Amino acid sequence: MIELWRLFRLFFKIGLFTFGGGLAMLPLLKAEVVDKRRFLTDEELMDLFSIGQCTPGIIVVNVVTFIGYKQRGVMGAIVATIGAVMPAFIIISLVASVLRHFMDNKYVIYAFAGIRVCVVALITSMVYDLARKHINNWYSVIIFIGALALLVGMNFSAVAIVLIAGITALSVGEIRGKLKK
Amino acid sequence: MIFLLLFVEFFKIGLLAIGGGLVTIPFLFDLSDKYGWFSTSELVDMIAVSESTPGPIGVNMATYAGFNTANILGGAVATIGLIMPSVMIIILVAKLMDKYSCNTRVKTLLEGLRPAVLALILFSVLQIAKVTILDNIHILFFVAFLMMIRLWKKSPLLYLGIAALLGIVFRL
């Protein structure tokens, strides 16, 4: 069982390097929590993301809380979440007080521009790996393409997509179950 | 009193904002109008800041508004208010998951959601790419990073560090 302070440190590190919004945390979570420490599997991480889309609150917090809970129960959930938001808290407190013009510094702007491009590359690479591994039968492909079409073409919200995909998956499951009998 | 107010208002946002981080933004605009804890232009600035800095926009705004209003304690109270609903609800959901994860229907459901989740992530990253990869040099760096990531398979942290340096060197 991981010690609480190690859990804190891990999520502090992850939180510190999550530049530009919750999505950027996914490649880091995959690398540190799934691949390296095997706290959960790829599939479980994706499941947490689905659940996180439907439950109230910021998705990042939802996913981190879940992972923390799985490791060390309620204390783990709290410690992991506080760890993950602490870097943002510290940085923004500094920005609000003494570093008001932090974002005006040209080196900061250049550095963040580079980081943002890298984040896009990291997420793209991760999606490719996960898709290759987990979109491996005809109905996964249909759900994937269908969801993408609804998002791009018809501006459906994330929650709507999850609901539709969920209902589709359950219906297909029921039908297949009945066919087997 | 201000602490209670900060806590309650951000608790409400934490409870009502369902979905990705950008969902908090309309609620934040409302807050700005209601209390003047931050101006609309400050909010817009902070949204831009959040594009780059660690932390979801919600957490950043809670800290910022709280700090502006009542210093570091205000920031802490607002942030804790924001994350508390998530933590509580997720712990409940996690306990439920423990009980029902073996259920075949639940398994089918989650399995079916995975391709949808990947579609969601892909769509989101396309949105980010639209505002991040703006001209040829960005495309070049995107491809370069992608190649590095695929070939050398090192920690993402390393690539982010390199990206920051390259950003400065090449004045992206």
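Biologist: How many aromatic pairs are there over all chains?

Modeller: The model is predicted. The count over all chains comes to nine aromatic pairs.

Biologist: Why is the pair A:Phe17 and A:Phe19 called edge-to-face?

Modeller: The ring centres of A:Phe17 and A:Phe19 are 6.4 Å apart, and pairing needs centres within 6.5 Å. Their planes stand at 90°. Edge-to-face means over 60 degrees, so the label holds for this pair.

Biologist: Are A:Phe17 and A:Phe19 buried or partly exposed?

Modeller: A:Phe19 has a relative accessible area of 14%. Buried means under 20%, so A:Phe19 is buried. A:Phe17 has 24%. That value lies between 20% and 50%, so A:Phe17 is partly exposed.

Biologist: Which aromatic cluster holds A:Phe17?

Modeller: A:Phe17 forms one aromatic cluster with A:Phe19 and A:Phe112.

Biologist: What makes B:Phe10 and B:Trp37 a stacked pair?

Modeller: Their planes are at 15°. Stacked means under 30 degrees, so B:Phe10 and B:Trp37 are stacked, with ring centres 6.4 Å apart. The pair links distant parts of chain B, 27 residues apart. B:Phe10 is in helix H1, and B:Trp37 is in the loop between helix H2 and helix H3. B:Phe10 and B:Trp37 are both buried.

Biologist: Why does B:Val143 count as partly exposed?

Modeller: Its relative accessibility is 39%. B:Val143 is in helix H6 of chain B, residues 136-152.

Methods. Residues are numbered from 1 along each chain as its sequence is written. Chains are lettered from A and ligands numbered from 1 in the order in which they are written. This is a predicted model: local features need pLDDT of at least 70, side-chain atom pairs count only at pLDDT 80 or more; totals for chains, interfaces and linings use all residues. Side-chain values use heavy atoms; hydrogens and water are left out. Rings of Phe, Tyr and Trp (its six-membered ring) pair if their centres lie within 6.5 Å; planes under 30 degrees apart count as stacked, over 60 as edge-to-face and the rest as tilted. Buried means under 20% relative accessible area, exposed over 50%, partly exposed in between (1.4 Å probe, protein chains only). Helices (H or I, at least four residues) and strands (E, at least two) are DSSP runs, numbered from the N terminus.
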